[in-house]
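Please consider the structure shown below.

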Amino acid sequence: MPMLRRALLCAPAVACLAITLLVTQLASMPASPAPVSKKTATDFNRQRLIETLDQTIAGDLAQRHALGMIAVAPVGSAPVQENFWTIAELPRPQICFVPGTTSDEVQSVMDQMPWFNENLSGPRFNQVSRWSVTATNGGTGNQGDPITLTYSFPPDGTTIPQLLADFPSRPNDFNAWMNGIYGSQVVWQPIYDDVFARWSELTGIDYTFEPNDDGVNLNQNPGILGVRGDVRIAGMLLDGNSGTLAYNNFPNDGDMVFDTADNFYNDTSGNSLGLRNVIAHEHGHGIGQAHVCPINGSKLMEPFINLGFDGPQHDDVRNAHGFYGDPFEPNNSVAQATALAPFNIPSARLIGQEPAPFFDDGSTISIDANGEVDVYELTINAQASLTLTLLPIGLDYEDTPQACGGLPGACCTGSFTDSSIQADLAIEVIDTDGSTVIASANNSPAGSTEVLNGIILDAAGTYYLRIFETGPVSQPQLYQVLVNAADLPFIPLSIETPNGTPDELMPGMTTDFDVVINVNDENIVPGTAELAFRYSGGAFQTTPLTANGGNSFTATLPPANCDDTPEFFIQVEGDQSGLLTLPATGGSNPFTAIVGAVLKPLDNNGESSVGFTPTGNATEGDWENDFPEGNNRGDPPVDFDGSGRCWLTETDPGDVNSDIDGGSVTLTSPVVDVSTLDNPIVSYARWFDNTAGAEPNQDVMVVEVSDNGGGSWTELETVGPGGAEAAGGWFFVSFEIAQFVTPTENFRIRWTASDADPGSIVEAGIDAISVSGTDCEDVVVMPPAAPNNVAATDNTLCNAIEITWDASAEATTYDVYRNDVDDAGSATLIASGLAGLSFSDTPTDSGFYFVAACNGNGCSNLSLSDSGSAGPAGDFNLDGLTDGRDIAGMVDALINTGDLCGDLDGNAATELADIADFVALLLGS
């Protein structure tokens, strides 16, 4: 049994040597058989005990109890051999020695324990056996399943059986001893409750205090609800002061015995930290944990009781998770999901953070076996943007069994466990339906974080987080999940042109294109969705976008002339983010277009040699239309435009030295008619390299153009002999032809590359050759016709006349005229440049109205007239009179000063000064 002997040192540290113990009576037990690969040491220990008991004490149940065995046969069963084989787990006792204990003293104990050097586990935390039967659960299921343990305090006088010759059977005096230190059970029992509660909040074990204990012998009777606990806590004289502190059996016996004659426990400082760490350590054995090494003060289950920390540490928690899972088990499915406290938005939370006292690399949650899954309910109270960070928790540390290597008390080292890489973890977010995966992450190797960033949860509700392993797991992998539930990011207005913007405008015609304005999280300020344009520099003009419903709009560019240089952009103002333009640079770098049709009388992507003529006097390196070879001697590895072929200076798969030698080579284009093009441009991509060979950077490539079919040539550019563009690489260039020669019907271009003596390595290439320009003829636009159906209101508006008319073809604006008589010739212009089809004339009494339609080429004659009249001032109900029935209207007009029906003094506002005039009208009427 695990025993603690009080240290004789000044520091409160007690060394404990793990010993695989049976009892003195079994000292002559035969040697164990050689193990086979599929059996564990525990299997062989059990089998050896069975064989020995069969030979020596068959049928004597009392004798078996004296040997420290645990029978779980039902109460009242006959003490016969058959009942003994229902033992759930054999006790694996351990004993602890004071540092400095002599070899003779250790050996005297070893002589009673023939299996001392039996190694129960591998190089990690050390497990013996888990609880298989408890009073609450009955059978406890499989590894990783949670359990419930009850604990009780037997009455004083309960028999504690003899386990070693040094510790004869004695009556329990634990309760009187504790009362002597703390005064009463009301004071000391919470210390034990707190230790069990700490194990519970870190592991998958629940604890229940059993207030009853029937006082039957310790170490021999299983827990029974309402009768006694699974774990019974007692005490007696073991070896007096400065001796053994306590001992504890492994499952299915969790009983704990203290040395009640030891004054180690009189020190109650640190909230009785010494007592609490002894309880926690001994109960670690009681849930199946053996000692671990090295002794470096980092683990509760080391062979020293250490007061430098409080309770279970990283390795101890992993050990318990391996047997019983974490505190949230079982949560392996959506139906069993652990319900987290609801998240307000915004909020952040770390799932798995151990409660205080904190410890290094701590966590309360883990994946503890192959196929393990953890599912958590995530309830949010509003839309949210979710960011999840899955953090594997662990470190690389030594973790070795005690009592190894055949040496008494040996604490071996050299076996390391990296607890951060025991499982390659992945994470999923599942929708409120419990099945649809919204997002997942499995991008990082074991030991690295997985991150899901900016997952949009569209509505309040309960979602699910699923953590799982993607490979085999043999040891528990602790982890934590950082959940950050933030407000959805503010999304401002955005502008799109789903079909692009026009790059060619036909002269004299309007051009429409589609615009989409996404409102997102704000609203459009009314009247700000506009097309801004200019055609010949100067200030930008604006015109409203036409709303098509929803977020769809149409932008209309007005007619342009051939010599115009159109520039334009879209703009709109959001009620929160302000002005937005597309492109974002607005008028500083707007969209552009040309007026007229773009023509390309020559457009060669290098895939055809038709019309091109190679000539030259070089001995090698003539122009060829072929695929680049990339011989790494200055020649192109690929063509420029990706079509495959281009023009190259000789390609010869059998001769890497196929560059230009001994002269020059020329490539001449076909004749091209550019006489009808506006501003014709020649463009091409070129490659030139003269950086290798005997005399590098001495040669050039000359480009020339001709306006008479090649009768004479004018230099366009010379590449080389030095500079970056003469060291390989494709460069695309364009030139306005008219700046070099007259654009005629006999335009040609040629490229000449040379390798003059002394010879060097010269390579050249040409691709993407084009001659382009616009064909534009201005459209003569006549002034529009006068608009039809001009109409003016008659006595339907108070103090105003509304004039409307039909649109006139080709009109861009309208002018409105008025006359007191029906005579267009003497009419007066009262409004001009109107874009709409109506105008309100205020204030006035009556008149004849005419409208002219206008565009860039002038205005039409005046339209036919229509007379109109306004209701009398103060006539709010428009019955032709100002009387008492208009008083309510006058009151409303005073409140709403924009109502000009009450503007009786003609100052464009209805105010208190108008009351006297209104009263005068009433009296006059």
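The model is predicted. Its protein chain contains 10 helices and 57 strands. Of the 925 residues in this chain, 48% are buried. Among contacts in the protein chain with a separation of 6 or more, 70% join residues 24 or more positions apart. The accessible surface of the chain is about 38,600 Å², and carbon and sulfur atoms contribute 51% of that area.

Attention now turns to the largest pocket, which holds about 1,000 Å³ of space. Its lining consists of 30 residues, and those nearest the centre of the pocket are Thr510, Phe533, Pro558, Pro559 and Thr812. Two or more lining residues come from each of strand E30 (530-534), strand E31 (541-544) and strand E33 (552-557). Strand E31 gives the most, with three residues.

Thr668 belongs to strand E42, which spans residues 663-668. Is Thr668 buried or exposed? The relative accessible area of Thr668 is 10%; because buried means under 20%, Thr668 counts as buried. Which residues is Thr668 in contact with, leaving aside its neighbours within four places in sequence? They are Gly611, Phe612, Thr613, Trp713, Arg748, Ile749 and Arg750.

Note on methods:
Residues numbered from 1 in each chain as written. Predicted model: local features only at pLDDT ≥ 70, side-chain atom pairs only at ≥ 80, totals over all residues. Heavy atoms only, no water. Helix = DSSP H or I, 4+ residues; strand = E, 2+ residues; numbered from the N terminus. Buried < 20%, exposed > 50% of the residue type's maximum accessible area, 1.4 Å probe, protein only. Contact = heavy atoms within 4.5 Å. Areas by Shrake-Rupley, 256 points an atom, 1.4 Å probe, with all protein chains shown as cover. 1 Å grid on protein atoms, 1.4 Å probe; cavity = no way out; pocket = protein on both sides within 12 Å on 5 of 7 lines; lining within 4 Å. Points joined across faces, edges and corners; volume = space filled by probe spheres on them.
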